[in-house]
Amino acid sequence: MELARTAAIVTGAASGLGAATAAALAGRGATVYGFDLEPAIDAVHGTQAGVEYVGVDVTDPAAVRDAVARAAGGADPLRVVVNCAGIAPSERILGKRGVHDLERYARVVQVNLIGTFNVMALAAERIAEGSPDARGQRGVIVNTASVAAYEGQVGQAAYASSKGGIVGLTLPAARDLAQHGIRVMTIAPGIMLTPMMQTVSEEYRRGLAAGVPFPSRLGDPEEYAGLVLSIIANDYLNGEVIRLDGALRMPPR
């Protein structure tokens, strides 16, 4: 599918994987709408060439509906959605402070899984209203899971649950939206060099990198963005999860 003169939505666009993806899509000629929370947008001063930032909470249906309408209401048809927004607190099911906080567990699932579904569903509604391209395709939705969906570590019960939900959502979503000419794919990144990872010590990062078989380093957000571009370009990719992890298999801790 061609990106030039189309509109794209990227959630979590103010930093990390979302920022790299927004830049990559804009570089290919798409008009990009970067969804993120207002404080996150303010932190990066809301400036990136070719990206229009929109302050929105992905768990708020009314706010997302309005933001999607804004992205779909321009001169370019909405064709692409990339869901990168997410949170990753750590807490054991039973730890020194007692049982895992239920509200925190629910919040992680609300943001990571339900937020992804919310944006996907409301964006698909608008994408389906557009005209198909020469191959009958109207759009592509790329969601973000994690290797934690398969090998969640100690303290990742909530995070792994939310990302496992995204993995399980991939095929039924692709099947549901096939009649509308919309493909659905998921990327499951390993350990990526995001802003959060850059706050830890170099020694700690080297230890993490040593556990990656090859290449023995942390992943670059631009590599995630590059995979998004490849998924968009290949019309026969649909309903699948792609691990982006250097053959990493996470240990228990």
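**View 1. Thr59 and its polar partner Asp57.** The side chains of Thr59 and Asp57 are joined by a polar contact of 2.8 Å; a polar contact here is a pair of N or O atoms within 3.5 Å, where within protein one must be able to donate a hydrogen and the other to accept it, and residues adjacent in sequence count only if both atoms are side-chain atoms. This is a predicted model, in which local features need pLDDT of at least 70 and side-chain atom pairs count only at pLDDT 80 or more, while totals for chains, interfaces and linings use all residues. Residues are numbered from 1 along each chain as its sequence is written, and side-chain values use heavy atoms, with hydrogens and water left out. Thr59 sits in the loop between strand 3 (51-55) and helix 3 (61-72); helices (H or I, at least four residues) and strands (E, at least two) are DSSP runs, numbered from the N terminus. With a relative accessible area of 16%, Thr59 is buried, a label that means under 20% relative accessible area, with exposed being over 50% and partly exposed in between (1.4 Å probe, protein chains only). Setting aside residues up to four places away in sequence, Thr59 touches Arg107, Gln110, Val111, Gly115 and Asn118, contact meaning heavy atoms within 4.5 Å.

**View 2. Helix 3 against helix 4.** Axes are lines fitted to C-alpha atoms, for helices over the stretch in contact, and angles run from 0 to 180 degrees between N-to-C directions. The crossing of helix 3 and helix 4 is right-handed, which is the name used if the near helix is turned clockwise from the far one by less than a right angle, anticlockwise being left-handed. On the helix 3 side, look for Pro61, Val64, Arg65, Val68, Ala69 and Ala72; they meet Asn118, Val119, Leu122, Ala123, Glu125 and Arg126 of helix 4. Sorted by class, the contact of helix 3 with helix 4 has eight nonpolar, one polar and three charged residues. For that sorting, Ala, Val, Leu, Ile, Met, Phe, Trp, Tyr, Cys and Pro go down as nonpolar, Asp, Glu, Lys and Arg as charged, and the others, Gly among them, as polar.

**View 3. Helix 1 crossing helix 8.** Here the axes of helix 1 (residues 16-27) and helix 8 (residues 221-233) come within 8 Å and cross at roughly 50 degrees. That angle makes helix 1 and helix 8 oblique to each other, and their crossing is right-handed. Helix 1 brings Gly16, Leu17, Ala20, Thr21, Ala24 and Leu25 to the contact, while helix 8 brings Pro221, Glu222, Tyr224, Ala225, Val228, Leu229 and Ile232. In class terms, the contact of helix 1 with helix 8 has ten nonpolar, two polar and one charged residues.

**View 4. Zooming in on Thr21.** Thr21 belongs to helix 1 and is buried, at a relative accessible area of 1%. Apart from neighbours within four places in sequence, Thr21 is in contact with Val10, Val82 and Cys84, and also with Tyr224, Ala225 and Val228.

**View 5. Thr170 inside helix 6.** Thr170 is part of helix 6 (residues 157-177) and is buried, with a relative accessible area of 1%. A polar atom of the Thr170 side chain lies 2.9 Å from the backbone oxygen of Ile166. Not counting residues up to four places away in sequence, Thr170 touches Val184, Met185, Thr186, Gly239, Glu240 and Val241.

**View 6. Met197 in its loop.** Met197 lies in the loop between strand 8 (182-189) and helix 7 (202-210), and is buried at 13% relative accessible area. Leaving out residues up to four places away in sequence, Met197 touches Ile191, Met192, Arg205, Leu208 and Leu218.

**View 7. Some backbone details.** The peptide bond from Phe214 to Pro215 is cis, with omega near -10 degrees, and Pro215 is in the loop between helix 7 and helix 8. Arg5 isn't a glycine, yet has a positive phi of about 60 degrees; Arg5 is in the segment before strand 1 (7-11) and counts as exposed at 66% relative accessibility. Ala247, in the segment after strand 9 (241-244), also has a positive phi, near 70 degrees, and counts as partly exposed at 45% relative accessibility.

Note on methods: Parallel < 35°, antiparallel > 145°, perpendicular 65-115°, else oblique.
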